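Thank you all for coming; I would like to walk you slowly through one structure this morning. Please have the sequence and the model in view while I talk.

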Amino acid sequence: MDQHVAESIGRPDLIRLDSRLVCLRFETMKVVSALAAVRHLLDTGAVRRGDTLLDSSSGIYAYALALACHRHGMRCHIIGSTTVDHTLRTQLAVLGATLEQMEPCSDLKLDQKRRVERIHEVLAEHPEYHWMRQYHDDIHYLGYRAIADRIRDAVGADGLTVVGGVGSGASTGALARYLRDGSPAGPADVELVGVQPYGSVTFGAEHVADPEIIIAGIGSSIPFGNVAHELYDTLHWVSFDAALAGSVDLLRRHAVFAGLSTGAGYLVARHERRRAPERTVLFVAADTGHRYVDTVYARHREAARIADLAPREVSDRSELALPWSRMRWNRAPAPALAVAS
C-alpha cells in the first residue's frame, strides 16, 4: 500500500497497443524524479525536513516538487512561468507551496532567463534555500531506475527502442542508461529516439520557428546540463500540428488521453516501428490530456490523418523543415549552443 498519493501518481502504466508498440503512461511523470531527488537529498544530509526547496517551472515540475515536499515534510517555493494555470495555482496553494509567477512574456528564452535570474535573487536573500536545478542536477535521473527495471521485466531490453520528449533530459536519458547497463549479460540493445519541438536549442533547431506554439516540456531555449546528447541515436522534430494529429489519433484509436508531447511521441514511435518491425518500440506518455482539451482536443476535426504524415529525412540540421523531420544523431556530442555552462 502506498504511503502517500505521490507514490501512486508517479507509478506508470505499461499498455501494449499492439504486438510491438508499448505506451509507458504516467499521470504526472516528473513526480518520479522529484520524489527520488528529495529522498536522496534527505538521505545524504544535503537537506533536512522543514527546509525550503526552490526551483523554476513552467508547471508540471512545480506540481511534482510540491507533492514531494508534502510527502517529506519540506517547504516548496516555485518561480513559475505564465503557463502555470488557475487549477495548478490553486493546488500549489492548498499543498502549502508558494508561487512567484512571472509577468507575461511572448519570448520563451526571455521567460526562462528571467526565472533563473529571479532564483539567484531569492538565493541571495535566502541562502538556506536549496535550489533543485531540475535542468542540471542528475539526481533527477534516480527515480527512473525502478521504472527501467519494470520495463525490462515486462517487455525485455534487447531489441527495444525507447521514444520520448527530451525536455530536461532526465526521463529518456535515465531510461536508456539504466536499460542499457542493467543487464548481467552486458549492455542491452536499446535504441534511444528523442523528440523535440522546432525552435529548441537542445539539438540545434533554434533557427526553425513553429507558427503555432512550441510544445511545452520537450524542448528548451536555453542549454540544459541534464541532457546527455551522447545517449541519443535518432532525433525527430515535430510541429504542433503534427503532434495534435498524433494526440487525436492516439485517443481515437487506442483510447489513451494524453498530452501534446505524447501525441508527438506516438507519431514518432509508429514511424520507428515501421522502419524496424523486428524491434519493440516503447514511447513515453508524460501526462494526461486534461490541460490540452481546449488547445488540442477541441480541434480534433481539423487534425490531419496520421497516415498522410511522414518525416523529412535530413542529414544536417540546416535541412530541418516543418512539419516533421528525422535525423540520425548517432550518439554525437551536444551542439555548441546547447552546452550548459
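This is a predicted model: local features need pLDDT of at least 70, side-chain atom pairs count only at pLDDT 80 or more; totals for chains, interfaces and linings use all residues.

Let me start with helix α3, residues 60-72, whose 13 residues should span 18 Å at 1.5 Å a residue, and since its end C-alpha atoms are 19 Å apart, the two values agree. The expected span here is 1.5 Å times one less than the number of residues, and helices (H or I, at least four residues) and strands (E, at least two) are DSSP runs, numbered from the N terminus. Residues are numbered from 1 along each chain as its sequence is written, and side-chain values use heavy atoms, with hydrogens and water left out.

How many of the 13 residues of α3 are buried? The helix is mostly covered, with 10 of its 13 residues buried, where buried means under 20% relative accessible area, exposed means over 50%, and partly exposed lies in between, using a 1.4 Å probe and protein chains only. Among these buried residues are Y61, Y63, C69 and H72. The buried residues of α3 pack against α1 (5-9), α2 (30-43), β3 (52-57), β4 (75-80) and α4 (86-95), contact being defined as heavy atoms within 4.5 Å. After the helix comes G73, with a positive phi near 70°.

Now to the sheet, where four strands stand in the order β5-β4-β3-β6, forming an open sheet with parallel pairing; two strands pair if DSSP finds at least two bridges between them. β5 (98-101) and β6 stand at the edges with a single partner strand each, so one side of each has no neighbour in the sheet. Between β3 and β4, which run parallel, there are six bridges, and L54 has H77 in β4 as its bridge partner. α3 packs on this sheet, touching β3 and β4, and its direction makes about 165° with that of β3; for such angles, axes are lines fitted to C-alpha atoms, for helices over the stretch in contact, and the angles run from 0 to 180 degrees between N-to-C directions.

Let me turn to the aromatic rings. Rings of Phe, Tyr and Trp (its six-membered ring) pair if their centres lie within 6.5 Å, and planes under 30 degrees apart count as stacked, over 60 as edge-to-face and the rest as tilted. By this rule there are five aromatic pairs. In one of them, the ring centres of F203 and Y232 are 5.3 Å apart with the planes at 75°, so the pair is edge-to-face. Both F203 and Y232 lie in the loop between β8 (190-196) and β9 (234-238), 29 residues apart. F203 is buried, with a relative accessible area of 0%, and Y232 is buried, also with 0%. F203, Y232 and W329 form one aromatic cluster.

Finally, consider R133, which lies in the loop between β6 (130-131) and α6 (145-155). Most residues other than glycine have a negative phi, and most peptide bonds are trans. R133, however, has a positive phi near 50°, while the peptide bond from L322 to P323 is cis, with omega near 5°. The charged end of R133 sits over the ring of W131, 5.7 Å from its centre, a term that requires NZ of Lys or CZ of Arg within 6 Å of the ring centre and within 35 degrees of the ring normal.
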